[in-house]
Amino acid sequence: MNEESTENLVINPVHGAGEHTLARADDVLPEKLYLLPISVRPFFPAQTLPIVSSDALWRETVERIGATPHHVVGVVYAPANPDSVPLPEAINEVGTAARMHHPMRAEGKLQFIAEGLRRFRIARWLTDRPPYLVQVEYPDPPREDADEIRAYALAIINMIKELLPLNPLYKEQLRLFLDRFNADEASPLTDFAAALTSAGADELQEVLDAIPLRRRMEKVLALLQKEIDVAGLQAQIRKAVEDKVSEHQRQFFLREQLKEIQKELGIAKDDKTVELERLRQRLEGTELPAHARTRIDEEMQKLSYLETGSPEYAVTRNYLDVITDLPWGRTSADSFDLAHARRVLDRDHDGLEDVKDRIIEFLAVGAFKGEIAGSILVLVGPPGVGKSSIGRSIAQALSRRFYRFSVGGMRDEAEIKGHRRTYIGAMPGKFVQALREAGTANPVIMLDEIDKIGASYQGDPASALLEVLDPAQNGDFLDHYLDVRFDLSKVLFVCTANQLDTIPAALLDRMEQIRLGGYITAEKVRIAHRHLWPKARERAGVKASQVAISKAALKRVVEGYAREAGVRSLEKQIGRIMRKSVVKLLDGARPPLRIGTRNLDEYLGQPVFRAERPSKGRGVVTGLAWTALGGATLDVEATVVHHGGRGLRLTGRLGDVMRESADIAYSYISANLARFGAAAKFFDDAFVHLHVPEGATPKDGPSAGITMATALLSLAHGTAVERPLAMTGELTLTGRVLAVGGIREKIIAARRNRITELIVPAANERDFTELPEHLRAGLEVHFVSRYQDVATIVFGS
């Protein structure tokens with residue numbers, strides 16, 4: 001027999017009846033029954049329902065039942081997985097004997113009509129594996145008071161009457177029941193009433209287990225009452241929902257009728273007309289270019305033809321919402337009060353006097369000309385030196401709106417120039433969004449982290465920025481979403497970067513550079529005292545009378561815990577101090593808490609940085625380096641490993657450029673030893689090891705050339721550099737000393753390490769003289785153009 005086919009199973013006809021003749025409940029029932037477990041809910045004697053079982057599990061059972069003369073099956077409830085065979089102990093011992101009619105197979109399932117006959121109780125298991133065969137007994141309910149039973153039956157009938165209006169399905173089930181039984185028969189009536197409810201399987205099994213009729217009726221009455229309560233609640237919820245929907249429909253129809261009446265009277269407009277008028281009102285007072293007005297008129301005419309439910313309507317409306325919200329010809333008046341600009345810069349920033357002067361000079365040119373247009377500034381410096389806040393101060397000094405966004409990690413040029421409207425979810429670029437938010441055509445727009453802009457298969461944002469930042473092109477900037485040119489020439493662009501190496505040359509060429517070096521200790525202490533400490537106190541909600549810190553303690557924080565070029569780490573350390581102070585106040589400490597150098601360790605622990613002097617000794621020289629985090633000092637160490645053969649080993653994670661500098665220094669010093677008063681053949685059999693400490697930190701660049709040459713000469717000369725001296729400069733094979741970058745940062749690093757004598761390339765003398773006086777004060781700087789000058793200053797030779 002095909003498992004997927006639908007066919008009748010062969011069943012012998014019942015003796016004394018046709019194949020499908022319904023048996024009477026009082027027919028003689030067999031003492032042995034094959035069991036068919038069901039897992040959904042118990043089956044009652046008063047029911048006639050289809051039963052579906054697994055063909056693979058119960059086919060043999062059904063065939064054996066079909067082979068019996070009576071076709072009676074024992075239907076029992078077993079709370080188990082319907083796709084598995086329950087164990088005998090999981091099967092309830094009270095079930096319903098039912099006549100099986102029309103058994104069929106279809107799609108791996110067995111189905112037949114079960115006509116409930118009578119309760120049975122399992123007396124003995126004859127088999128312990130399917131097909132389950134058991135010996136049964138048919139318990140009779142004890143005789144009880146007939147009037148009392150009749151009263152319970154009437155109560156059940158009345159409850160069924162209450163249920164009938166609440167669910168139409170109940171009427172159909174009642175009709176099927178009355179086809180088989182009389183309403184006066186109490187036992188079938190009780191079982192039917194139980195089956196009518198949506199009670200749980202365990203509760204229904206308790207009703208099936210109840211043999212005494214009165215006890216069974218009591219259980220059923222409780223289930224019916226619960227069903228009436230639930231059905232009544234459902235009816236209330238349904239009615240409330242229908243009433244709400246009806247009310248909404250009524251209001252909708254009334255509003256539509258009102259609109260039609262108002263339209264006929266000429267006193268109202270539809271939503272589309274109102275929207276178009278709102279968009280037109282936005283354009284009042286703007287100076288729209290001819291090409292923009294033409295495009296807007298075309299889109300508005302298109303919008304008037306479209307239906308409001310059309311997808312194109314939403315696209316067109318969003319486009320008009322953007323283009324009409326742009327500040328066409330609307331600018332804010334610039335403030336060219338240089339005294340006001342100086343006050344704003346001094347209020348927001350301590351130190352950086354040279355940077356402030358550059359900004360004032362920039363503003364002065366604008367004031368003299370009468371406008372500041374077509375300018376792109378790039379503020380270059382280590383993290384935490386105030387680049388972003390300077391951009392905000394420039395906007396305040398000019399009385400312009402300020403908008404900032406970061407381009408760090410940006411990889412999609414659509415973020416600059418927008419998406420084309422053909423794409424779902426298209427949006428304008430960042431610059432159009434900035435103009436919408438600023439509300440004027442001449443804001444200050446800051447592009448943060450421009451040195452970290454990326455590129456991908458989606459395009460090159462750095463190349464897209466060329467059109468924006470080029471004064472010769474941005475007067476006709478074209479955003480892909482708008483597809484209408486907008487004048488960006490009045491925008492003041494301020495960019496920030498930690499380094500210039502990663503900025504494309506074509507982009508950098510369009511920018512005016514302003515460098516921000518790091519802060520010296522005195523400046524950091526002043527910034528902490530005037531700005532960072534009051535801000536930390538305000539964030540914590542602490543009054544000045546509750547917590548105080550001395551300037552000496554702030555200086556120790558700077559020197560021992562926050563030596564970076566900026567003040568970001570310093571701000572974090574001050575935040576730690578404030579949090580510890582709040583904890584102490586909450587624990588009952590008496591204010592004011594005074595923080596000085598003696599108790600600073602209680603708040604910050606032991607210092608991260610110790611006061612270290614540059615290393616001294618033969619073959620050891622201090623150099624000056626520039627990093628993205630600011631200036632730093634580094635010691636270059638050289639030593640002879642053995643005299644078994646000539647050689648040079650380099651360590652310290654040196655980059656390619658720095659390795660070349662070491663090779664040049666080694667060659668130059670080896671060729672000129674006699675000239676500098678050392679043994680001419682010193683390196684002929686010496687294996688030299690040159691190391692730059694902090695080997696975990698990558699290092700590269702040409703500025704350590706003269707430092708490495710001096711370390712090698714000190715090794716060959718046998719003379720140590722004992723005084724606090726540091727140097728920087730690139731060395732060539734002919735002994736020339738070339739210019740290097742980052743002079744300001746290197747000078748600050750030297751001052752931080754209390755080095756007062758420096759050797760700097762003569763080509764960098766201009767950079768040194770442009771530094772503020774407070775950075776140059778107290779320093780002895782030697783400007784050299786050839787290495788002979790370096791050797792003379794260091795060794796006197």
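This report covers helix packing, a salt bridge, a surface patch and local backbone features.

## Basis

The model is predicted: local features need pLDDT of at least 70, side-chain atom pairs count only at pLDDT 80 or more, and totals for chains, interfaces and linings use all residues. Residues are numbered from 1 along each chain as its sequence is written, and side-chain values use heavy atoms, with hydrogens and water left out.

Helices (H or I, at least four residues) and strands (E, at least two) are DSSP runs, numbered from the N terminus.

Two packed helices are described by the angle between their axes and the distance between the axes. Axes here are lines fitted to C-alpha atoms, for helices over the stretch in contact, and angles run from 0 to 180 degrees between N-to-C directions.

Helix 17 (residues 521–540) and helix 18 have axes that come within 9 Å and cross at roughly 120 degrees. That makes helix 17 oblique to helix 18. Angles under 35 degrees count as roughly parallel, over 145 as roughly antiparallel, 65 to 115 as roughly perpendicular and the rest as oblique. The crossing of helix 17 and helix 18 is right-handed; that term applies if the near helix is turned clockwise from the far one by less than a right angle, and left-handed if anticlockwise. Thr521, Lys524, Val525, Ala528 and His529 of helix 17 make the contact (heavy atoms within 4.5 Å). Their partners in helix 18 are Lys551, Leu554, Lys555, Val558 and Glu559.

Helix 18 (residues 551–561) also packs on helix 19 (residues 568–586), with axes within 10 Å and a crossing of roughly 125 degrees. That makes helix 18 oblique to helix 19. Helix 18 passes helix 19 in a right-handed crossing. On the helix 18 side, Leu554, Val557, Val558 and Tyr561 take part. They meet Ser569, Leu570, Gln573, Ile574 and Ile577 in helix 19.

## Helices 11 and 12

Helix 11 (residues 353–369) packs with helix 12 (residues 387–398) at an angle of about 35 degrees, their axes 12 Å apart. Helix 11 passes helix 12 in a right-handed crossing. Val355, Ile359 and Leu363 of helix 11 touch Ile390, Ile394, Ala397 and Leu398 of helix 12.

The structure holds 40 salt bridges (a side-chain nitrogen of Lys or Arg within 4 Å of a carboxyl oxygen of Asp or Glu). One of them joins Glu206 and Lys219, with the closest N and O atoms 3.8 Å apart. The pair links distant parts of the chain: Glu206 is in helix 5 (residues 201–209) and Lys219 in helix 6, 13 residues apart.

Ile237 lies in helix 6 (residues 213–265). With Leu233, Val241 and Val245, Ile237 forms a nonpolar surface patch of about 350 Å² accessible area together. Patches are made of residues with over 30% relative accessible area and no salt bridge; like charges are joined within 9 Å, nonpolar side chains (Val, Leu, Ile, Met, Phe, Trp, Tyr) within 5 Å. Accessible areas come from the Shrake-Rupley method with a 1.4 Å probe; for residues, only the protein chains shown count as cover.

## Backbone in the loops

The peptide bond from Pro130 to Pro131 is cis, with omega near -5 degrees. Pro131 sits in the loop between strand 6 (109–125) and strand 7 (133–137). Pro591 to Pro592 is also a cis peptide bond, with omega near 0 degrees. Pro592 is in the loop between helix 19 and strand 16 (593–595).

Asp483 is not a glycine, yet has a positive phi of about 60 degrees. Asp483 belongs to the loop between strand 11 (477–478) and strand 12 (485–486).
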